[in-house]
Amino acid sequence: MSLLALSNISVRYGRLTAVRGVTFTLAEGEILFITGPNGAGKSSLLRAIAGVTPPAGGRIDFADHDITGRAPEDIARLGLSMVPEGRDVFGSLTIEENLMVGTGMHSGTRGWRARAASELEAVYATFPILKERRHSQAGLLSGGQQQMLVIGRALMTTPRLVAIDEPSLGLAPNITDQVYERLIALRAERKLTLLIVEQSSTRAMMVGGRMMLMRGGEIVLDGDARALGQSEAMQAAYFGYGEH
Amino acid sequence: MGGLMQVIFDALSLGSLYALGALGIALIFGVMRLVNFAHGDVIAFCVFALLWPSVDAVAIIFAGNLPWFLLIPFTLAVGAGLSVLSEVVVFRRFRRANPATMMIASFALGFVIRYFLLMLFSSRPKSISLLPGLSQPVEILGARIPLLQLITILVTIAVLIGLTAFLRRTRFGLEMRAAAENFTMARMLGVRANRVIMGAFALSGALAAAIALILGSQTGTANIMMGASVMLMAFIATVIGGMGSLAGAVIAGFALGAIATVMQVILPPDARAFRDAFVYGAVILVLIFRPQGLLAARGTKERV
């Protein structure tokens with residue numbers, strides 16, 4: 001049974017079509033990279049899945065619920081946590097407050113405060129720097145620390161699927177390494193399903209897993225990251241060779 | 001000495017009104033980028049809610065005769081209720097509209113409320129006596145201050161402390177602060193948009209009711225235009241404070257109250273009639289040198 005299933009999803013902004021007829025399924029515990037050049041529609045696809053931009057057509061199922069056109073908060077409450085591009089920390093809130101925002105979705109359920117507290121400790125164990133600076137304003141963190149914060153914040157909601165848009169954007173390579181190291185470890189620990197958008201395929205090839213290539217709003221390739229990454233089909237599809 | 005104290009208390013109590021008004025506007029602007037021009041009419045509505053509908057010059061008191069411990073919660077509930085109703089009936093439809101459209105809608109709503117009051121009560125100001133015990137003076141450091149003025153200041157301080165505690169210490173406050181900074185991101189973390197926005201409207205409406213009680217007791221009249229002048233100054237305070245910044249709104253509210261009071265004292269008698277021109281001149285100066293406001297709010301980031 002798949003955790004996430006998209007069928008024939010399209011996203012439009014006015015007359016502009018950003019995503020056309022995307023169909024795929026993602027199984028529980030899987031790791032999927034969506035790569036592709038600028039403007040391929042990767043971010044638009046993620047925004048549609050998270051409910052920020054409702055799809056113009058098609059259907060999305062998550063955890064046995066039809067989430068097409070549902071509000072972002074409803075989708076988040078089903079266990080789909082989105083980390084958007086550009087590290088949207090709440091700059092005037094402290095680090096700890098940032099982390100706690102998402103725990104409210106469990107309020108009212110039995111023992112949620114205790115669980116939130118233990119989640120907080122787990123995030124702090126994963127990212128010790130966040131614990132060190134827990135009471136400082138999130139806006140004062142460096143780029144890498146902010147990336148850790150938004151990933152930690154997504155984990156605080158105890159999601160089943162985390163979708164991350166360009167975790168390496170604007171980070172030094174060694175910081176990106178750290179972020180990925182943590183992500184991979186977390187995935188093993190919690191049987192998380194990961195959906196990661198990256199512009200380049202190099203990360204996907206290093207980490208392994210499944211990779212899809214998007215171009216012009218469509219999925220043009222889908223397969224094993226390492227095998228695909230080395231293939232000439234990938235090069236050709238990425239840059240659009242042989243079409244002109 | 002007594003004269004100086006008098007000026008200080010005048011400035012603080014006038015500033016309190018502006019600060020409470022500015023807070024009501026900034027709270028809603030923070031979560032939905034709506035400049036709510038109906039706020040002033042909510043203030044007027046709260047005063048008239050204490051009267052029976054009639055077109056006579058002397059008001060027929062309805063809830064206004066309640067003892068204070070019932071009168072205050074009743075009025076706060078009316079303000080919060082009307083404000084939440086305006087969100088559910090009107091502003092919710094404009095959630096995805098641009099700020100200018102929302103602003104026009106709020107103007108229209110304000111006129112609907114105002115003309116509804118006009119229909120029931122006529123445009124003639126009515127004399128009312130609200131919380132009459134508060135008009136007696138008290139002596140502080142050689143100045144004779146109306147008790148109401150003192151209470152206005154104390155109530156405002158209590159509201160500010162209470163609101164700060166609410167925003168800093170409660171889960172709902174945390175969600176409101178997160179939503180004010182980045183609404184879409186807050187929703188992606190499961191924060192319920194409607195709940196947060198209705199909460200902001202309820203708080204804002206209760207603040208309008210507090211102003212209504214103070215204004216009603218202070219002036220002893222009910223006038224369908226009574227909210228408008230406070231609303232204008234309060235709006236200016238939110239702009240000077242930095243749109244959406246709560247602390248900025250409060251500081252600017254008190255600053256405007258102080259400027260207006262000081263001008264009243266230092267301007268030559270012939271120029272006093274034009275006091276407001278000098279106050280607005282000061283506003284222009286502030287905006288020339290700090291167009292983003294005294295405390296620029298974070299998270300003016302586009303919302304979707």
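Trainee: How many residues does the contact take from chain B and from chain A?
Mentor: The model is predicted: local features need pLDDT of at least 70, side-chain atom pairs count only at pLDDT 80 or more, and totals for chains, interfaces and linings use all residues. Residues are numbered from 1 along each chain as its sequence is written; chains are lettered from A and ligands numbered from 1 in the order in which they are written. Two residues are in contact if their C-beta atoms, placed from the backbone, lie within 7 Å. The contact takes 19 residues from chain B and 23 residues from chain A.

Trainee: Which element gives the most to the side of chain B that touches chain A?
Mentor: Helices (H or I, at least four residues) and strands (E, at least two) are DSSP runs, numbered from the N terminus. Two or more residues of that side come from each of α6 (171-181) and α7 (183-188) of chain B. The most, 6 residues, come from α6(B).

Trainee: How do the residues on that side of chain B divide?
Mentor: Ala, Val, Leu, Ile, Met, Phe, Trp, Tyr, Cys and Pro count as nonpolar, Asp, Glu, Lys and Arg as charged, and the others, Gly among them, as polar. The residues of the side of chain B that touches chain A divide into 9 nonpolar, 3 polar and 7 charged.

Trainee: How are α6(B) and α8(B) set relative to each other?
Mentor: Axes are lines fitted to C-alpha atoms, for helices over the stretch in contact, and angles run from 0 to 180 degrees between N-to-C directions. Helix α8 of chain B covers residues 193-219, and its axis lies 10 Å from that of α6(B), at an angle of about 100 degrees. Angles under 35 degrees count as roughly parallel, over 145 as roughly antiparallel, 65 to 115 as roughly perpendicular and the rest as oblique. The two helices are therefore roughly perpendicular.

Trainee: What classes make up the contact of α6(B) with α8(B)?
Mentor: From α6(B) come B:Phe172, B:Glu175, B:Met176 and B:Ala179, which meet B:Val196, B:Gly199 and B:Ala200 in α8(B). By class, the residues are 5 nonpolar, 1 polar and 1 charged.

Trainee: Is A:Glu166 buried or exposed?
Mentor: A:Glu166 is found in the loop between β7 (161-165) and α7 of chain A, and has a positive phi of about 50 degrees although it is not a glycine. A residue is buried if 20 or more other C-beta atoms lie within 10 Å of its own, exposed if 12 or fewer, and partly exposed in between, with C-beta atoms placed from the backbone. With 20 C-beta neighbours inside 10 Å, A:Glu166 counts as buried.

Trainee: And A:Asn8, buried or exposed?
Mentor: A:Asn8 lies in strand β1 (residues 2-13) of chain A. Its phi is positive, about 55 degrees, although it is not a glycine. With 12 other C-beta atoms within 10 Å, A:Asn8 is exposed.

Trainee: How far apart are the end C-alpha atoms of α4(B)?
Mentor: The expected span of a helix is 1.5 Å times one less than its number of residues. Helix α4 (residues 99-121) of chain B has 23 residues and should span 33 Å. The end C-alpha atoms agree, at 33 Å.

Trainee: What do the buried residues of α4(B) pack against?
Mentor: Those residues include B:Met102, B:Ile113, B:Leu117 and B:Phe121. They pack against α2 (39-48) of chain B.
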